[in-house]
Amino acid sequence: MTSSAMQQLYQQIILDHAKSAHGAVADLGELDALTPGAPASGLATPPGLRHAQSHQVNTTCGDEITVRVGLTGTGADAQIDEFAWRGAGCSISMASASVLNDTVRGTSVAESQVMLDLFREMLRSRGTIEPDEEVFGDAAAFAGVSKYPARVKCAMLPWVAFEAALLQLR
Amino acid sequence: MTFVAPPPATALDQTLSSDEVLRIRNDFPVLHQLVNGHPLAYLDSGATSQNPISVMEAEQEYYEQRNAAVHRGAHTLAFAATEVFEAARATVARFVGAREDEIVWTSNATEGVNLVAYSFSNASLGQGGAASARFALTAGDEIVVTEMEHHSNLIPWQQLALRTGATLRFIPVLPDGTLDLAAAAQIVNPRTRLLAVTHASNVVGTINPIDDLVALAHAVDALVFLDACQSAPHLALDLAALDVDFAVFSGHKMLGPTGIGVLYGKADLLAAMPPFLTGGSMITTVDMEKAEFLAPPQRFEAGTQRISQAIALAAAVDYLTQTGMGRIRAREADLGHRLVEGVTAIPGVRLLGPGVGVERIGLAAVDVAGVHAHDVGQFLDEAGIAVRVGHHCAQPLHRKLGVTASTRASTYLYTTDDEVDQFLAVLAEVAPFFGVAR
């Protein structure tokens, strides 16, 4: 029965990311335990790193995710040097977290904010925005999700957690 | 050789034939539509059921012919409205083996649970005097629930415990989705004041042994609160025979409209219980400092009532009664059996709750290994199959069964065998599509 609509929504890139889950860690540990210079979640932590994390839940289906970021520097130029997440949910939300990891790790806060706005705009477009793959990378695979308003929340969940974590470090 | 004639087929509990189901479907306009290019297979009646034409007509007839405030006004329409409103109460009372003054209208079942929980709170504050002492809770008292409860029969009791200092305890669920009755016999003790339990599980489909639980509770003078949301629509319910003290159910799960639910309370208990919501329509004498309250059920029905919804619910009850609750139960046992046999035959699909051969209401919740329920639901929806995904308002039960979410197909009297088969066929395609075929 597998329809083309299903294949458009669940593109192979999404199914692959849901499985490989880039940036996912089994245990985030306690945020309070993180001090500048201390290793976090087994990741090398440069000195001067500032951490924040946000936990988000999709009440419709119970998906949940915690996204943690570690920044060096301040303001819009601050660098996202650490990114880790832990979550449980559908393939759309898990793949989105994996793609988010690939998209923002190593970028500046300003650059990631641009991507966040573009991603959100595309998802809210009900299928009318065709993403530029040069700009979006694997995130372009979520274009199909925008035709399913009930699933937009799933795709946005990690990005909303990321945004909330960044806000704490403003 | 003696010949023993087989007992005559008792029409009262004989399953519905497929012709009868098809005739029934003609009364439900919403079922006849395409969803994503496929005929709709509505398998989410456990969440909300569909309305037959007679229910929608009853509501329309009320607004076209009789709309007026009930229990007040001296004009003809007001009398006509009051008459049908109270006739609806009588219809629902008969349907569940209750007296009319034991039936309180609420907005939904959740409000009914909260009504009782807050009446207990008010009694705990001393309202209602000596008569309501039996509802007053304090530190040292215990409220017992089960691990199987829908959040609506859990959180109001958690909150009541928090407000009164009482302790909340729970009866565990066994891995097969039944209650641990041996544990229950230990947990229910002389400190137990209330036992709140669901009649049938909205997740695992188990029909709980209410007689045993009532016996346990009453032996220690505890009251029993029954969540009948998943039983009232699906089997012949006799609350007096069950001997529960309170019960709730909701209209929209039994062919009725949204916005109407029912609280049942034994007459002597309702008569002794202080009100929850207060205001107009529930008083006798009012002065600036205090008020006297009406007898039940009006004492618990403050403000303008859900008149059209009550009348429409009575029409739904008439529809169910004419079809026959015994026959509906038998039909749904067949559908539940078909579901359970089908899902257990699919590799990688785990059925939650009792397996083949154990009676259940007409639903089955499953976990597809490696695929989140939300994705399963999306895949089914693409084929026109409507199911519920998520935790079904029962997070503790899902946790106990080792999953965070599940996919639930639930049936009703209008469900066909073909719809169940279609669900099973598409469910079998889920794992291969998501690349977790083994």
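Tutor: Let us begin with the span of a helix, whose expected value is 1.5 Å times one less than its number of residues. Please keep in mind throughout that this is a predicted model.

Student: What span does helix α10 of chain B reach from its first C-alpha to its last?

Tutor: Helix α10(B), which covers residues 307–323 and has 17 residues, reaches 25 Å between those two atoms, close to the expected 24 Å. Just after α10(B) comes Gly324(B), which takes a positive phi of about 105°.

Student: Is α10(B) mostly covered or uncovered?

Tutor: A residue is taken as buried if 20 or more other C-beta atoms lie within 10 Å of its own. By that criterion 13 of the 17 residues of α10(B) are buried, and the helix is mostly covered.

Student: How should I read a sheet, and in what order do the strands of the open sheet in chain B stand?

Tutor: Strands of a sheet pair through backbone hydrogen bonds, either parallel or antiparallel. In chain B, the open sheet of 4 strands has the order β13-β14-β17-β16, and its pairing is antiparallel. The edges are held by β13 (349–352) and β16 (388–390) of chain B, each of which has a single partner strand, so one side of each is left without a neighbour in the sheet. From one strand to the next, the twist averages 30°.

Student: How many bridges join β16(B) to β17(B), and what lies across these strands?

Tutor: There are 3 bridges between β16(B) and the antiparallel strand β17(B), residues 406–410, and Gly390(B) has Ser406(B) in β17(B) as its bridge partner. Helix α12(B), residues 373–382, lies across β14(B), β16(B) and β17(B), and runs at about 160° to β16(B).

Student: Which elements of chain B give two or more residues to the side that touches chain A?

Tutor: The contact takes 18 residues from chain B and 15 residues from chain A. On the side of chain B, the elements that give two or more residues are α12, β16 and α14 (417–433), and α12(B) gives the most, with 6 residues. The residues on that side divide into 8 nonpolar, 7 polar and 3 charged.

Student: Finally, how do β1 and β2 of chain A pair?

Tutor: Strands β1(A), residues 50–58, and β2(A), residues 63–72, pair in the antiparallel sense over 9 bridges, with Val57(A) opposite Glu64(A) in β2(A). Their hairpin has 4 residues between the strands, and Gly62(A) takes a positive phi near 85° in it.

Terms used:
Residues are numbered from 1 along each chain as its sequence is written. Chains are lettered from A and ligands numbered from 1 in the order in which they are written. This is a predicted model: local features need pLDDT of at least 70, side-chain atom pairs count only at pLDDT 80 or more; totals for chains, interfaces and linings use all residues. Two strands pair if DSSP finds at least two bridges between them. Axes are lines fitted to C-alpha atoms, for helices over the stretch in contact, and angles run from 0 to 180 degrees between N-to-C directions. Two residues are in contact if their C-beta atoms, placed from the backbone, lie within 7 Å. A residue is buried if 20 or more other C-beta atoms lie within 10 Å of its own, exposed if 12 or fewer, and partly exposed in between; C-beta atoms are placed from the backbone. Ala, Val, Leu, Ile, Met, Phe, Trp, Tyr, Cys and Pro count as nonpolar, Asp, Glu, Lys and Arg as charged, and the others, Gly among them, as polar.
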